[in-house]
Number of protein chains: 2
Amino acid sequence: MAFTFQVNSDIKFIHDEKLLAKAESFRPVIHKTAVKPLRLVELVKDDTKLNGVGVKDSEREISRLSEYGLKRDDRIIIDFGRHIVGKFSVNITKTGSPQDAPLYIRLKFAEMPTELQAESSDYEGWLSRSWIQEEFIHLDELPAKLELKRRYSFRYVEIKVVDTSPKWQAVFTNPEAVSESSADYSRLKKPVIDDEILSRIYDAGITTLAECMQDVFEDGPKRDRRLWLGDLRLQALANYAAFGNIDLVKRCLYLFAGMTKEDGKISANVFTRPENIPDDTFLYEYSLFFISTLYDLNNAHKDTELVRELYPVCKKQMDLTLKMFDADGRLITDDNYPVFVDWSNDFSKDAAGQAETIYVLKQFISLAEIAGDSDIDTYREKLGLMTKYAREKLYDSSRKLFVAGNCEYNIASQVWMILAHVMSDDENREILRTMIRELFPVKDIATPYMYHCIAEAFFEGGLKEEAVKLVKDYWGKMLSLGADTFWEAFDPDKPDYSPYGSPIVNSYCHAWSCTPVYLISKYL
Amino acid sequence: MAFTFQVNSDIKFIHDEKLLAKAESFRPVIHKTAVKPLRLVELVKDDTKLNGVGVKDSEREISRLSEYGLKRDDRIIIDFGRHIVGKFSVNITKTGSPQDAPLYIRLKFAEMPTELQAESSDYEGWLSRSWIQEEFIHLDELPAKLELKRRYSFRYVEIKVVDTSPKWQAVFTNPEAVSESSADYSRLKKPVIDDEILSRIYDAGITTLAECMQDVFEDGPKRDRRLWLGDLRLQALANYAAFGNIDLVKRCLYLFAGMTKEDGKISANVFTRPENIPDDTFLYEYSLFFISTLYDLNNAHKDTELVRELYPVCKKQMDLTLKMFDADGRLITDDNYPVFVDWSNDFSKDAAGQAETIYVLKQFISLAEIAGDSDIDTYREKLGLMTKYAREKLYDSSRKLFVAGNCEYNIASQVWMILAHVMSDDENREILRTMIRELFPVKDIATPYMYHCIAEAFFEGGLKEEAVKLVKDYWGKMLSLGADTFWEAFDPDKPDYSPYGSPIVNSYCHAWSCTPVYLISKYL
């Protein structure tokens, strides 16, 4: 994976206060739930778990926590038994002589046991060290209730006593978490799923989705914690199938619509704290996916008024995009406005980008019909042109595969051409079978985001069995490695792969991996 | 140095609420003063300074602080230009792209530059790591005002950016300290001191004293931060000569008197936070110094009522002490109630302990006279007996030195025998001259506490010139090594000596080193 930070801090943004006020009006209620710990655990070597790290019951019992005096370098690991996004508190007192020194403790919050084994001092990755969920705290006076103000994403909390003094030991009691989410589980209707593995995948997908549903749809509650358009599109689809929280999607659409570049282009992501701020990062199809997200919303919950209100924003994105096509209907990519498709930069993305545009333009034309846009025929022409280019110039009818960039046949191009329904259903099936034969097994793809596209392409292309197999193999393997929620990055061939060189900053609950909820609901 | 922690957590203490209410009534006002930074500095190798670490002006200017964007691993060192006991705050914002990650910073607070060079991760000393003045802070949202709630003891504050993100840099503005002390400088009357070095020593002694004057007389505002009786005695003497804060001494006496062991014995130190708590550490002469401190208070500010009120507590200490003497008037020491004299345990302390008792017993008899104790003759007899033992059994008239323990001639024994005026003035001078000839230069004494005793013995024994030389050599050398305040520990032969193996937990503003204030005022 190669990730390039975009730094465009001189860009001017328009803040449309009317749209942002609407975003504010849809701000969700955050449901808070107290969670008690399940048990105390210890790390164990376990080759069946992620990075070979599992847990076992500690000899210490959570019910007897108040009996344990902890001295320098002693530690406990609290297992809450479920993934939590929220706050942590614990009462701390001491046993022995008077407190003749501060108590100094380190707390580590971990979604997966492997994070607890990593030492922050060893981390030298390019991603900010500030994401490591670790705190060092002095307590000058005991007893005290330690209530950490920051929000963490965790199942496990390790408390290490850095030091007391030789005269007394620290005692921890009543550790408690308060989970936060705007997902309303009372509205969740799980479908009947006979297959046990699929059922477990569905459940973990629901948890992943719910944990990312906060003030906005966050991409990951541990890290990034912001609203990305590419993630939003998938979260929204899963959400319609699960919690049906329409307002939260509207809030997110208004946030993107309310903060565009001066030329109308939508950012790839926005921040909502300490105030609404658009990021200066732009990704080709992320801007376009504003259209998809509005289209999907209207499909899930018809809202003609909303479509008409936000249609001008959609049209702006499409018009900016169409300028990047030549007279033959071919996408001319621009490194300053990169086509994402997937994290990996080791494959040509032009064909996939062409397909994504066709996919979105079809949705856009539907919206244009609702909005009654008199320019609609122009868009239909453009669609025809870029589809023709794809069929005639990008499709290699001899190999039954689409070709990208420098005579390259990659999975992403086939998948997006299928999703865009550029070819007939029969041809699509043929392409997919060729892809399986010639380009499988999948290699060097490490994101559930791309795996989702492949799985959906199988479903859309009528290869249901292959789709189910892929979902079970990929998401099921995360479960067998110990996942409670699905991950930001996972390469089944290299389970220990981290885009950052250390699991300590990996996000093990990441929105774009929740899509089995949508796939199972829609296709099974 | 060998330090043994006493752990006696099963001891029962009496809390005399009436006396503790009086202690409360004398709780001082803490004066708070805002302090602006003087400059930004960098560490430099400087063999003339402590541990070879000095500072020089940074190329960055404090007046332009808001112009500097700090990225991963960048750091600034703020020099406040004076020693401060108090709180620190700084405004933090950022420059560049939106804040796409928390800011993670490390703050180090240092009294001396050498502390900034030490890495906390290297510290393996026996003293608690929790005393290291270092904080790791995450800031999820900028701009923010960081107001640290803990109190630190420092002149320098180093802020290191552990990480931002590649997209933005942290900007620090308006760093500010608020100093805290119960010393009232408007009441300070500095005597005219012609000698420039002595004048500077006096000034640093005043600062040291003032910085330790908080809610009680603390032993060190960086570390320990509590009321020790041995330190109190010296602080009170310096305080009478400087700030004349009688109430604060009274408060401390009531605290010790109000919390004794069931048998009446006074702890070596007490805590006042989160509530009044006596420590379970007992030192032979520290208990006795309650008597000295009351005696000195009454000398400085006649208070017959207070003497009568606290006399029973004094009498209890003396009676417990006298039980440790045999029929010949010889102190039989007890390892569970050790004679302190000095940190070092590498010399015999019995003779010094005998002398300390004689020193205090004389003061006690003065108090007994004021209190009108009918048992006074018994105490006079005991004084006679233990003085006789000292003169006849401990004084080696052939060598003109007192002998301790196992035929050992050490400085501490001579010094305390002089302070106790066991021999005549002429004999005392002879003993001191012998001590200089045979036992000097001082070796392996690393505390200003013991150096104070030697200097005072010179003054009391009439060797004023030698006393001044010792003060100038010892305290003056700390100044030349860069001291703003005087230190807990200093061995002129080994300036880099730390009782803890690292300067990072050394206290460089320590009450028992403030005594030049008292010595200069009383004797010069």
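This is a predicted model: local features need pLDDT of at least 70, side-chain atom pairs count only at pLDDT 80 or more; totals for chains, interfaces and linings use all residues.
How many bridges join β11(A) to strand β13 of chain A, and in which sense do they run? That was the question I opened my notebook with, and the entries below follow from it.

**Entry 1**

To my opening question: I found two bridges between β11(A) and strand β13 (residues 269-271) of chain A, and the two run antiparallel. I also looked up one pair of residues there, and Val270(A) in β13(A) is the bridge partner of Leu227(A).

Next I wanted the whole sheet. In chain A it is open and made of three strands, in the order β11-β13-β14, with antiparallel pairing. The edges are held by β11 (227-228) and β14 (277-278) of chain A; each has a single partner strand, so one side of each is left without a neighbour in the sheet.

**Entry 1: the sheet in chain B**

I turned to chain B and noted an open sheet of three strands there, ordered β11-β13-β14 and paired antiparallel. Which strands stand at the edges in chain B? They are β11 (227-228) and β14 (277-278), and because each has a single partner strand, one side of each lacks a neighbour in the sheet.

This time I followed the other pairing. Strand β13 (residues 269-271) of chain B is paired with β14(B) over two bridges, in the antiparallel sense. Here I found Phe271(B) opposite Ile277(B) in β14(B).

**Entry 2: the partners of β10 in chain B**

I picked strand β10 (residues 168-181) of chain B and looked for strands paired with it. One of them is strand β2 (residues 31-35) of chain B, antiparallel to β10(B) over five bridges. Lys32(B) sits opposite Glu180(B) in β10(B).

Another is strand β5 (residues 75-96) of chain B, joined to β10(B) by 10 bridges and also antiparallel. In that pairing I noted Gly86(B) opposite Ser179(B) in β10(B).

Then I checked helix α3 (residues 196-212) of chain B against helix α4 (residues 229-241) of chain B. Their axes come within 11 Å and cross at roughly 115°. I wrote the crossing down as left-handed.

Which residues meet there? From α3(B) come Gly205(B), Leu209(B) and Cys212(B), and from α4(B) come Gln235(B), Ala238(B) and Asn239(B). Sorted by class, this contact has three nonpolar, three polar and no charged residues.

**Entry 3: the two domains of chain A**

I looked up the domain assignment of chain A: domain 1 covers 13-29 + 195-523, and domain 2 covers 31-181. The centres of these two domains, taken over C-alpha atoms, are separated by 37 Å.

Where they touch, 23 residues of domain 1 of chain A are in contact with 26 residues of domain 2 of chain A. The domain 1 side of this contact has 12 nonpolar, six polar and five charged residues.

**Entry 4: how the two chains sit together**

Last, I compared the chains. Chain A superposes on chain B by a rotation of 180° with 0.0 Å of shift along its axis, at an RMSD of 0.0 Å. The two copies are therefore related as by a two-fold rotation axis. Of the residues of chain A, Phe136(A) comes closest to that axis, with its C-alpha at 3.0 Å. The same surface serves both copies, as 100% of the contact residues of chain A recur in chain B.

How many residues does the contact take from each chain? I noted 32 residues from chain A and 32 residues from chain B. On the chain A side, the elements that give two or more residues are β6 (103-110), β7 (134-139) and β9 (152-163). That side divides into 14 nonpolar, eight polar and 10 charged residues.

Conventions: Residues are numbered from 1 along each chain as its sequence is written. Chains are lettered from A and ligands numbered from 1 in the order in which they are written. Two strands pair if DSSP finds at least two bridges between them. Helices (H or I, at least four residues) and strands (E, at least two) are DSSP runs, numbered from the N terminus. Axes are lines fitted to C-alpha atoms, for helices over the stretch in contact, and angles run from 0 to 180 degrees between N-to-C directions. A crossing is left-handed if the near helix is turned anticlockwise from the far one by less than a right angle, and right-handed if clockwise. Two residues are in contact if their C-beta atoms, placed from the backbone, lie within 7 Å. Ala, Val, Leu, Ile, Met, Phe, Trp, Tyr, Cys and Pro count as nonpolar, Asp, Glu, Lys and Arg as charged, and the others, Gly among them, as polar. Copies are superposed by least squares on the C-alpha atoms of residues with pLDDT of at least 70 in both. Domain bounds come from an automatic or database domain assignment.
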